[in-house]
Amino acid sequence: MKKTLALLLAAVMMLALLTACGGGDKPADTNGGDQQQTQEPAGTPEPAPEAPAEAGTIGVCIYQFTDAFMTTYRNALQEILEGKGYKVTTADGANDQAKQNEQINTFITQGVDALIINPVMTSAADQIIATVQAAGIPTVLINREPTPEQMAVYDKLVYVGCDARQSGTMQGELILDTPNKGDINGDGKISYIMVQGDPENVDAQYRTEYSVKALTDAGMEVEELNLTRGDWMRERGQEIVANDLAQFSDQIEVVFCNNDDMAIGALQSIQAAGRKVNEDIYLVGVDALDAALNEVKAGNMTGTVLNDAVGQATAAVEQMELLLGGKTYAAGEQSVYVDYVKVTPDNVGDFMG
């Protein structure tokens with residue numbers, strides 16, 4: 001009897017224990033339905049964060065892709081912009097202003113956030129500015145500078161470049177720094193030829209004027225034997241200087257070239273004529289292209305002037321981002337300049353990679 005009672009008591013205790021461990025009914029939901037509870041499976045990863053959105057879309061218009069300096073500039077722009085997350089499209093104006101106008105309109109139609117424009121023709125600045133102003137597109141003009149009056153009509157416009165007067169002055173100083181101040185034959189005057197870029201371009205105008213002005217400001221007498229348009233092209237520099245050497249021979253003491261590409265062409269003709277740079281003729285350029293730096297180091301160019309493409313590209317992107325951030329520019333305060341630097345045999349190594 002006692003044994004039977006003990007077994008019954010053990011069974012009751014086991015049933016109570018099972019009930020206490022959660023074997024009972026779910027609590028009722030106050031809204032009258034069952035409460036649904038879900039759990040993520042153990043080890044499920046957190047959702048991956050969304051990739052950051054692109055910083056924006058930028059249209060870059062270059063006057064001509066075959067220009068050696070603008071190739072360096074364009075590549076620097078693209079690298080900087082893409083490194084910041086922008087989607088970049090570049091357009092080759094092929095030295096055709098009508099074509100570039102179409103490219104600008106296409107970029108606007110596509111809804112780019114900003115434009116960086118290297119105009120084919122400075123004289124087209126009014127039309128370019130009117131177009132971007134009508135569309136309300138923040139715009140940075142590079143390399144070819146409009147007048148302050150032209151830019152003043154649009155406060156979301158800025159120019160980034162170098163003061164070409166400075167580069168011309170430095171070219172003249174490179175000649176003045178030679179032992180005979182450019183007067184190789186000692187006749188009391190510097191006889192020179194000028195290989196000009198595009199005379200419609202303000203950079204060509206200023207480099208032409210101020211290279212000679214540096215000489216006259218220093219009290220030197222000068223004689224211009226010839227000035228010919230070379231359109232920034234190496235082959236034209238070669239052709240012009242070959243013709244001038246045939247016509248003027250050893251009267252030529254100095255060859256001024258508005259850029260390095262024309263200076264490299266000029267060097268080819270100087271060497272073909274049996275002349276020796278820094279001995280019986282001087283030769284200077286502008287841009288500090290790699291090819292020119294090599295010739296300066298080798299003693300085949302008197303010097304060049306660094307036109308800092310990377311520095312200008314960096315400044316152009318900085319100004320573009322200020323515009324995108326809402327900055328506006330007052331009239332007369334729309335030009336941002338990057339300094340030129342004289343390059344001579346003494347410091348050329350500082351600019352070589």
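**A buried glutamine and the strands of the sheet**

Mentor: Glutamine 150 counts as buried because its relative accessibility is 16%; buried means under 20% relative accessible area, exposed over 50% and partly exposed in between, with a 1.4 Å probe and protein chains only. The model is a predicted one, in which local features need pLDDT of at least 70 and side-chain atom pairs count only at pLDDT 80 or more, while totals for chains, interfaces and linings use all residues. Residues are numbered from 1 along each chain as its sequence is written, and side-chain values use heavy atoms, with hydrogens and water left out.

Glutamine 150 lies in helix H5 (residues 148-151). Helices (H or I, at least four residues) and strands (E, at least two) are DSSP runs, numbered from the N terminus. Leaving aside neighbours within four places in sequence, glutamine 150 is in contact (heavy atoms within 4.5 Å) with Thr122, Ala125, Asp126 and Ile129. With aspartate 126 there is also a polar contact between the two side chains, at 3.3 Å. A polar contact is a pair of N or O atoms within 3.5 Å; within protein, one must be able to donate a hydrogen and the other to accept it, and residues adjacent in sequence count only if both atoms are side-chain atoms.

Now to the sheet. Its six strands form an open sheet in the order E2-E1-E3-E4-E5-E11, with parallel pairing; two strands pair if DSSP finds at least two bridges between them. At the edges are strand E2 (86-92) and strand E11 (335-337), each of which pairs on one side only.

Strand E3 (residues 114-117) pairs with strand E1 (residues 56-62) in the parallel sense over four bridges, and isoleucine 58 stands opposite alanine 114 in E3. Strand E4 (residues 139-142) also runs parallel to E3, joined by three bridges; here isoleucine 116 stands opposite valine 140 in E4. E4 in turn pairs in the parallel sense with strand E5 (residues 157-161) over four bridges, where leucine 141 stands opposite tyrosine 159.

In a regular strand the side chains alternate between the two faces of the sheet. Both faces of E3 are covered: Ala114 and Ile116 are buried on one side, and Leu115 and Ile117 are buried on the other. Helix H3 (residues 97-110) lies across E1, E2 and E3, running at about 175° to E1. Axes are lines fitted to C-alpha atoms, for helices over the stretch in contact, and angles run from 0 to 180 degrees between N-to-C directions.
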